[in-house]
Amino acid sequence: IEEAGGDSQATDLQMAEIEKLLERRQKEIASMRPKSIRWNLSELSHVYLRRYRLRDTGLEMFFIPSGGTSYGGFGLFSPATSLFLDFGSGRDGNERRDEAAHAIMRRAPPQTIKQWPDRSGQFLHEQLSRLTMGWVEGRITNFDYLLHLNMLAGRSYNDLCQYPVMPWVLSNYTSKEVPDLTDKANFRDLTKPMGALNPDRLEDFLERFQTFADATIPPFMYGSHYSTSAGVVLHFLVRMHPFAGLHRQLQGGHFDVADRLFSSVPRTWEMCTGYSAAEVKELTPEWYCNPAFLKNNNKFKLGTSQDNEVLGDVVLPPWAKNSAERFVEVMRNALESDVCSEMLPDWIDLIFGRKQQGPEAVKAHNVFFYLTYYGSVDVASIEDEGLRQATELQIAHFGQCPMQLFVRPHVRRTIQIRHYQKMTFYQMLSAYTQGAGTADGTERNLQLTKDGSQRLFGEPLFLPFFSASESHFVHLEAPPPGPHADLIACRLAGVDRCLAVDANGIFHSFRWAWKADMSEEGEDYSRHNKQETLDRGCFIAQRELHRFRTVPRLMYSPDPGSRTLPAIGLSKTLFASRSVLLVLSDGDGRGGLAMQLVDPAKGSIKGEALVSGVHASRIVCIAMDPIGTAAGHGGVGGELAIVGSADGNASLWRFMSSHYLPLRPRIRMRGHGGQKIQSVALSSAIHVCMTISANRLCLFSVGNGALVRTWGPPADTLDLPGDMKTKTVFADTPACCLSVQGFVVTVCKTSIFDEKGQVVREVVTLHLFSLEGMSLGSKALESWRGVPRKIICTPDGTAITVCSGRGVTIHRLSAITPLEFIDEWHITESEELNDQMPAAMDADFGPSLMRPIVGACALSGGALRFHALPGISAWSERHKSRGGFSLGKPIGRLRNVFGMGKSAAKNAANVGTDVAKEVASDVKEKGVGGFLTGTLFRKKK
């Protein structure tokens with residue numbers, strides 16, 4: 001149909017046949033639609049009141065990622081994660097909406113975030129207060145903050161007429177090199193609306209505003225709008241589904257004339273800032289997060305322009321180097337830059353704040369047609385049906401201003417570059433804090449990459465591991481006698497506990513504590529010595545040795561002689577009143593799944609179950625991801641888990657309660673042709689999961705298990721001469737990850753052959769893909785690091801931690817500098833580099849999911865290492881006041897020992913200082929339980 005319809009020489013008879021075929025096809029599709037669709041109220045995470053066509057008759061509901069459904073009954077259970085309902089026009093529609101909202105909210109879980117109709121204003125005030133404070137303090141990125149403002153202002157991805165709006169940030173789309181993100185000249189003036197950026201064009205708008213005279217229509221400056229369904233949303237997203245189909249419906253079944261389609265970023269910027277009175281467009285969120293809208297991956301026939309140019313992918317600025325991923329990444333970093341953060345409150349005032357309407361809008365040259373504002377006309381009171389429908393259509397298709405959220409000037413943000421002492425561990429690793437300046441607040445000198453192009457990122461402001469002092473980590477060796485099995489998994493839980501599992505399936509429990517040094521010499525330490533650690537204190541930990549009738553262990557573990565490590569997944573969510581962790585593992589070596597509830601404080605098993613026959617062969621890999629309140633969102637907290645098997649299939653499970661463990665998976669996924677699945681990954685934030693075998697990677701939707709995309713190993717892992725024979729496969733390791741930024745990280749193994757076809761060398765690499773399967777770059781690992789065991793992505797998706805030989809390395813996720821090395825957490829002080837060195841098997845950062853203050857690393861040989869992260873002093877003091885640390889008293893006694901040593905030093909020729917240093921060194925090596933036992937843990941008389 002598309003091919004025939006796209007032919008300009010098609011006859012009228014052919015077009016008539018095509019229209020009949022289209023009509024018949026639409027009827028067939030309609031006949032296959034379900035008669036009813038059902039949603040589970042227990043899965044509700046957010047319920048918001050909405051406006052539809054400037055009427056208070058809409059309701060939008062969001063659901064937690066459910067992983068399909070395990071319920072039966074009539075009707076189709078929708079895999080969608082959101083739902084927008086309109087209850088009709090008039091006052092009756094508003095009453096029906098409020099009644100339905102009350103009924104739904106009363107039955108929704110208490111964890112659901114609800115905007116009650118009778119408390120809507122209070123709800124918005126509370127949400128805005130928390131949100132704005134988080135942005136001002138730097139805990140929320142500019143992109144997330146704008147998305148949240150759009151949501152609270154009634155903008156929705158489910159309504160094209162009220163699609164989220166984002167600003168043009170950059171103004172330089174012509175230079176060959178990436179614009180300097182510290183130079184304000186490369187940015188658009190966010191204090192002005194798009195229509196006021198061109199002074200000559202603004203004069204015409206102002207003249208119309210001042211001379212416009214109509215008895216019923218108020219004067220306006222701009223006849224078009226910055227966000228419309230056809231002129232903005234469908235215009236920019238025409239290369240993506242379902243927007244392409246909606247665009248063709250609007251154009252009578254065909255694409256619009258090629259010269260009017262979105263084809264060039266520089267050209268679009270020139271039009272929006274030129275002399276056209278109709279072009280005042282702002283942008284959509286895809287410009288800052290989704291490169292797919294710039295590519296014609298669906299091979300649509302978009303036509304040929306008058307310049308004989310066949311439309312395909314969007315023409316990008318020269319500095320993008322024909323890479324959509326590079327373009328979107330630069331745009332996102334520009335949005336997160338300090339220059340943009342400084343001007344962003346002015347743009348928020350224009351779109352969501354005090355300059356949206358009234359005298360302030362006139363002063364700011366920000367006045368649009370009156371039907372774009374809420375309350376300008378009461379559609380329900382229009383008696384003429386034709387006039388009412390025409391008014392509603394004009395409101396729907398010619399733009400709607402968001403709800404006004406602020407009546408006072410928006411507050412300014414504290415620039416992070418000047419207050420980096422308050423930054424969290426993840427913020428220090430984030431790319432968004434490394435592109436604007438240096439640690440002392442001065443502008444950075446632009447650097448070049450190896451290929452001579454300009455660097456986008458500056459040097460990290462602070463290296464949490466490299467710059468840390470010796471007092472910031474503690475190493476716990478396995479107790480004698482040895483040898484000991486490797487610790488293969490660990491998880492921080494509660495305020496001072498850590499649970500680990502070794503290669504034999506035995507659980508180990510650890511306890512840690514931190515005592516901040518609040519002495520006079522340490523009060524101004526960070527102010528006078530910025531290059532050193534930000535927290536001072538004593539970090540101690542110990543291995544808990546509890547008494548058991550039976551050793552707590554996994555339900556099944558492979559034969560130690562097979563060198564096969566058990567598949568295991570530890571939840572980040574605490575179940576049963578936040579007292580137990582959920583542990584999933586291979587249950588019987590034949591496809592059974594074991595579920596165990598383990599108390600991290602005592603290392604004891606509180607309950608276990610075995611679901612046999614889940615797969616036809618043994619379970620190889622397991623990945624888990626929190627959902628709901630456990631992930632920092634609304635809705636019932638829990639975990640999604642994906643299980644990969646040697647039979648080539650995978651299954652998706654959902655765990656919501658410790659009282660009701662599921663007996664069957666929500667979804668089953670295939671696609672590997674019987675090849676063993678080597679690794680799996682899951683991201684509930686972007687609703688996708690993936691499975692990897694030796695020669696194939698498959699991406700699936702979490703909603704219904706549909707196969708989204710599949711691709712094979714990359715061919716460009718190593719930069720070798722063309723005549724060398726190589727073969728690349730995905731490495732046999734559970735290490736892989738998905739990033740919320742749309743990146744996929746895998747481990748590959750490349751074999752290099754000689755002329756006789758013999759393997760002369762094998763090289764292990766990390767490889768970076770986009771979600772579309774495009775290869776973005778790779779990084780070869782040193783041979784002595786071995787094959788990585790675990791890859792963990794940061795919550796903002798801009799960095800990963802890789803567990804391998806010698807320690808944990810941190811790499812940047814970027815299309816411009818793919819997998820660039822940032823920092824390394826060493827787990828050994830030895831300088832020897834060989835295959836026998838200790839290796840990191842797993843790592844975890846917590847206890848908070850978003851603001852971790854301690855890291856735990858499971859090591860080969862049964863050892864565990866803790867490391868203090870920025871912010872641990874404030875966190876420990878806060879929880880100490882709540883009685884959270886059980887090791888607080890021993891630490892206090894240890895401090896007394898230090899104090900007595902230092903006091904004695906002043907009276908005894910400085911001997912006490914050396915003793916205190918020796919005490920600190922011994923405590924680090926032996927732990928509290930192995931040093932000064934009588935002094936620290938003596939009983940009170």
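**Walking through the model**

Mentor: Let's start at G861: leaving aside neighbours within four places in sequence, G861 is in contact with A478, H484, A485 and D486. Contact means heavy atoms within 4.5 Å.

Trainee: How far apart are G861 and H484, in sequence and in space?

Mentor: They are 377 residues apart in sequence and 5.4 Å apart in space, going C-alpha to C-alpha.

Trainee: And where is G861?

Mentor: G861 sits in the loop between strand 34 (854-859) and strand 35 (864-868). Helices (H or I, at least four residues) and strands (E, at least two) are DSSP runs, numbered from the N terminus.

Trainee: Is G861 buried, exposed or partly exposed?

Mentor: G861 counts as partly exposed because its relative accessibility is 33%. Buried means under 20% relative accessible area, exposed means over 50%, and partly exposed is in between, with a 1.4 Å probe and protein chains only.

Trainee: Before we go on, what kind of model is this?

Mentor: This is a predicted model, where local features need pLDDT of at least 70 and side-chain atom pairs count only at pLDDT 80 or more, while totals for chains, interfaces and linings use all residues. Residues are numbered from 1 along each chain as its sequence is written, and side-chain values use heavy atoms, with hydrogens and water left out.

Trainee: What does the chain average for pLDDT?

Mentor: The average is 83, and 84% of the residues score at least 70. pLDDT is the predictor's confidence in each residue, from 0 to 100. Over residues 70-76 the pLDDT is below 50, and that stretch has 16 contacts in the model beyond near neighbours in sequence. Residues 435-454 also have a pLDDT below 50, with 42 contacts beyond near neighbours in sequence.

Trainee: New topic, helices. At what angle do helix 5 and helix 11 pack?

Mentor: Helix 5 (residues 142-152) and helix 11 (residues 338-351) pack at about 10°, with their axes 12 Å apart. The axes are lines fitted to C-alpha atoms, for helices over the stretch in contact, and angles run from 0 to 180 degrees between N-to-C directions.

Trainee: What do you call that arrangement of helix 5 and helix 11?

Mentor: The two are therefore roughly parallel to each other. Angles under 35 degrees count as roughly parallel, over 145 as roughly antiparallel, 65 to 115 as roughly perpendicular, and the rest as oblique.

Trainee: Which residues meet there?

Mentor: From helix 5, N142, Y145, L146 and L149 meet S341, L344, W347 and I348 of helix 11. The residues of this contact divide into 6 nonpolar, 2 polar and no charged. Ala, Val, Leu, Ile, Met, Phe, Trp, Tyr, Cys and Pro count as nonpolar, Asp, Glu, Lys and Arg as charged, and the others, Gly among them, as polar.

Trainee: How many residues of helix 5 are buried?

Mentor: Helix 5 is mostly covered, with 8 of its 11 residues buried. Among them are F143, N150 and M151. The buried residues pack against strand 2 (44-52), helix 4 (120-136), helix 10 and helix 11.

Trainee: What comes just after helix 5?

Mentor: There, G154 takes a positive phi of about 95°.

Trainee: You mentioned helix 4. What about G134?

Mentor: G134 lies in helix 4 and counts as buried, at 0% relative accessibility. The C-alpha atoms of G134 and Y145 are separated by 8.8 Å, with the two residues 11 apart along the chain.

Trainee: How many disulfides are there?

Mentor: A search of the whole structure finds 0, where a disulfide is a pair of cysteine sulfur atoms within 2.5 Å.

Trainee: Last one: where are the cis peptide bonds you flagged?

Mentor: One joins H241 and P242, with omega about 0°, and another runs from G846 to P847, with omega near -5°. P242 is in the loop between helix 7 (229-236) and helix 8 (243-250), while P847 is in the loop between strand 33 (840-846) and strand 34.
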